[in-house]
Amino acid sequence: MTQNKRFSAEPVDKEKFTDKNNQAYSTIAKGYDLFIKILPIWRGWICQALPHIRGDRVLEVSFGTGYLLTQYAGKYETYGIDYNDKMVTTAKKNLAARNLAANIQQGTVEELPYEDGFFDTIVNTMAFTGYPDSVKAMSELHRVLKKGGRLVMVDVNYPANNNRLGTWSTKAWAVLGDLIRDMDPLFRQFGFSYSDKEIGGFGSIHLYIAEK
C-alpha cells in the first residue's frame with residue numbers, strides 16, 4: 001500500500017526516536033507540568049476524554065505529569081503507565097497532593113505489563129503521535145482492552161475539510177516531531193469501530209472513541 005505523503009513515515013531507527021523524545025521530556029518535565037495546569041486550551045482538549053470513560057477498570061497510557069489522572073482517579077480502579085521516569089515521579093506527587101490513588105508505573109506502550117482483556121477503558125491523550133511504531137502500539141492497546149471495551153484518544157491529525165489553519169497547525173506539530181498517522185486503516189486493522197470528532201485547533205485536534 002502506498003504511503004500517503006501528507007502522513008508521517010514510521011521512523012527507521014525507532015530506538016533513537018524514543019530516546020530523543022524521552023530526553024526531551026526529562027528536560028521539560030517541571031515546565032510541562034506547569035504548562036498543563038495553567039493553559040486552559042490544552043486542558044480543554046484532553047479533558048474531553050473524561051465523559052467517555054466507562055466501566056470499573058481504567059488505564060491511562062502516557063499520562064505525562066498526571067493532570068488527567070487527577071480528574072478521575074478517585075472514581076475508578078485506575079492504572080497508568082508512562083515511559084519517562086520523571087513524568088511518573090511528578091504524576092505520583094500530583095496524585096498524592098490530592099489524596100488520590102492509582103497504580104502507576106514506568107513502562108512502554110509496546111510491551112504493556114497487563115493481562116489480555118484487563119481494562120474496560122484505555123485513555124491516551126496527545127501521545128500516540130509520539131510512538132515510533134503505530135502498529136505495535138495499537139496492537140498492545142487492543143490486547144489489554146476487554147471485548148466491548150473502549151479506547152479514548154485525543155491527538156493531532158488533519159482536519160477533514162482541509163482548512164488552511166487546521167492543516168498548517170497539523171504540519172507544525174509534525175515539524176516539532178509528532179508522527180501524523182492515517183488513523184482509519186489503523187483502527188480498522190484491529191477491528192475497532194470508532195468515531196472521529198474534531199474538538200479544537202481549527203480541526204487539528206481529534207477525539208477518537210474506538211470500541212473493541
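Predicted model: local features only at pLDDT ≥ 70, side-chain atom pairs only at ≥ 80, totals over all residues.
Me: What makes the strands a sheet, and in which order do they lie?
Reply: There are 7 strands, in the order β3-β2-β1-β4-β5-β7-β6. The sheet is open and its pairing is mixed. Strands of a sheet pair through backbone hydrogen bonds, either parallel or antiparallel.

Me: Why are β3 and β6 called edge strands?
Reply: Each pairs on one side only. β3 covers residues 103–106, and β6 covers 193–200. From one strand to the next, the twist averages 15°.

Me: How do you know that β4 and β5 pair?
Reply: Two strands pair if there are at least two bridges between them. β4 and β5 have 6 bridges and run parallel, so they meet that cut-off. Within this pairing, Asn 124 stands opposite Met 153 in β5.

Me: What joins β4 to β1?
Reply: 3 bridges do, in the parallel sense. At least two are needed, so β1 and β4 count as paired. Val 58 has Thr 121 in β4 as its bridge partner.

Me: What makes β5 and β7 a pair, and which way do they run?
Reply: They share 7 bridges and run antiparallel. Here Met 153 stands opposite Tyr 208 in β7.

Me: What links β6 to β7?
Reply: Another antiparallel pairing, with 7 bridges. Gly 200 stands opposite Ile 205 in β7. The hairpin of these strands has 4 residues between them, and Gly 201 takes a positive phi near 60° there.

Me: Why is Thr 121 called buried?
Reply: Buried means under 20% relative accessible area. Thr 121 has 0%, so the word applies. This residue sits in strand β4, residues 119–125. Beyond its neighbours in sequence within four places, Thr 121 is in contact with residues including Ile 53, Val 58, Leu 145 and Val 152.

Me: What makes β4 largely enclosed?
Reply: The count of buried residues does. In β4, 7 of the 7 residues are buried, so the rest of the structure largely encloses the strand.

Me: Is Phe 192 buried or exposed?
Reply: Buried. The cut-off is under 20%, and Phe 192 has 5% relative accessibility, so it counts as buried. Phe 192 lies in the loop between α7 and β6. Among the residues in contact with Phe 192 are Met 138, Leu 151, Phe 187 and Ala 210.

Me: How do you know that the length of α4 agrees with that of a helix?
Reply: The 13 residues of α4 should span 18 Å at 1.5 Å a residue. The end C-alpha atoms are 19 Å apart, which agrees.

Me: Why are the buried residues of α4 said to line one face?
Reply: The buried residues are Met 87, Val 88, Thr 90, Ala 91, Asn 94 and Leu 95. Seen down the axis, they fall within an arc of 165°, so they line one face of α4. The face turned away carries the exposed residues Lys 93 and Ala 97. The buried residues pack against α1, α3, β2 and β3.

Me: What marks the two ends of α4?
Reply: At the start, a side-chain oxygen of Asn 84 reaches to within 3.0 Å of the backbone nitrogen of Lys 86. Just after the helix, Asn 99 takes a positive phi of about 55°.

Me: What makes one side of α6 the buried side?
Reply: Gly 166, Thr 167 and Thr 170 are the buried residues of α6. They fall within an arc of 100°, so they line one face. They pack against β5. The face turned away carries the exposed residues Arg 164, Trp 168 and Val 175.

Me: What makes Asn 163 a cap?
Reply: A side-chain oxygen of Asn 163 lies 3.3 Å from the backbone nitrogen of Leu 165, at the N-terminal end of α6.

Notes. Residues numbered from 1 in each chain as written. Heavy atoms only, no water. Axes fitted to C-alpha atoms, helices over the stretch in contact; angles between N-to-C directions. Buried < 20%, exposed > 50% of the residue type's maximum accessible area, 1.4 Å probe, protein only. Contact = heavy atoms within 4.5 Å. Arc of directions from axis to C-beta. Polar contact = N/O pair within 3.5 Å; in protein donor to acceptor, adjacent residues only side chain to side chain. Expected span 1.5 Å × (residues − 1).
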